[in-house]
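Visitor: Please take me through one part of this model in close detail. Then set that part in its wider context.

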Amino acid sequence: MTPLRFALIGTGGIAAAYEQAFKNQTDARICAVCDTVPEKAQAFADRIGCAAYGSVFDLLAENLDAAIICTPPATHEPIAITLLNAGVHVLCEKPLATSIEGAHRMLDAARRGGVLLTMASKFRYVNDVRVAKDLLEMGAIGDLIFIENAFASRVDMSSRWNGDPRMAGGGVLIDNGTHAVDILRYFMGDLLDVQIVEGRRIQGLPVEDTVRVFVRNAGGVLGTSDLSWSIDKEMTTYLRLYGSDGTILVGWNESKYRRGKSEWHVFGSGYNKIAAFTEQVRNFCAAIRHTDTLLVTPRDALASVEVISAAYAALERSRWEIVSRTEDAFTLLPLPAEAS
């Protein structure tokens, strides 16, 4: 089978992770890269042996099957729509968009073009996270009651676009928070409402650098997430699920669970970034070929934007905010071949 022809849009740090992930792909290859800084694009292209471009419009001459957008969030919508209108499948780094309206425009373009659009969300592709979901669904810890997440480590954002609201759409809440929201939804389902408490701004940024997120679903399950660029919680776990009859701990180096007060059972060896990226690309390629379904669906991608939008409203108004949901499921072609 001829490998799918991919382009990487943006050649920063996240693109380097995809470079490593593609080394493990037999069904896809990077045939071109694009960056608004020509020297960066050329250096990246020279390293992996592909074509380099300075604009997305020029890039379309490559007869692409798919593209991965690795640029700052404010640029996602125009880049994605250009690609989607040209019939190119798009895997877009998180967040999908900086507004609900922008996300809808992107999804509408995908529907019109008959191509796939979804959001990259690496933690769903971590094996330990997926095993934890299986354990929960099998009743290993009883009914889920409470879930905790933390993505908090000290990172200097003073010279990075992430701290510029014009480029990022916000601060740590939209950055780390998009991962948090997606992983909470993975276990809790659709979220009913959200509340945010902001901590002190340590880095002098025009955006929030430390927040605590509270979410609930319609069944009364409560979730929290601690997000920060200014503190390091130094925790061995980033996800903790508490059930009516046990606990699941998903960690950076080890994951385990126990029922009641029994001994802990280790079920995973922790977080492997490149392995997660590799599986994410594999799943996207399989969805393009109609041999698998997307693990992160277009509906999931839109939902993450809806929750983050409600979260910023909650932060501004200091109250619980209802999450506005679009009922359209946005099912775009990801059916297995036998079901098509």
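**Helix H9 and its setting**

Guide: H9 is mostly covered, with twelve of its 16 residues buried. Buried means under 20% relative accessible area, exposed means over 50%, and partly exposed lies in between (1.4 Å probe, protein chains only). Helices (H or I, at least four residues) and strands (E, at least two) are DSSP runs, numbered from the N terminus. This is a predicted model: local features need pLDDT of at least 70, side-chain atom pairs count only at pLDDT 80 or more, and totals for chains, interfaces and linings use all residues. Residues are numbered from 1 along each chain as its sequence is written, and side-chain values use heavy atoms, with hydrogens and water left out.

Now the length. H9 runs over residues 273–288. The expected span of a helix is 1.5 Å times one less than its number of residues.

Next, the cover. The buried residues of H9 include Ala276, Phe277, Thr278, Glu279, Gln280 and Val281. Asn283, Phe284, Cys285, Ala286, Ala287 and Ile288 are also buried.

Then the ends. Asn272 caps the N-terminal end of H9. A side-chain oxygen of Asn272 lies 3.3 Å from the backbone nitrogen of Ile274. A polar contact is a pair of N or O atoms within 3.5 Å; within protein, one must be able to donate a hydrogen and the other to accept it, and residues adjacent in sequence count only if both atoms are side-chain atoms. Just after H9, His290 takes a positive phi of about 65°.

Cysteines come next. The structure holds zero disulfides (pairs of cysteine sulfur atoms within 2.5 Å). Take Cys31: the closest cysteine sulfur, in Cys50, is 7.3 Å from its own, so the two are too far apart for a bond. Cys92 is in no disulfide either; the nearest cysteine sulfur, in Cys70, is 8.7 Å away. Cys31 is buried, at 6% relative accessible area. Cys92 is buried too, at 0%.

Last, the whole protein. Its secondary structure comes to ten helices and 15 strands. Of the 340 residues, 56% count as buried. The C-alpha trace spans about 60 × 50 × 40 Å along its principal axes. The radius of gyration, taken over C-alpha atoms, is 20 Å. A compact globule of 340 residues would have a value near 20 Å, so the two agree; the globule rule is 2.2 Å times the number of residues to the power 0.38.
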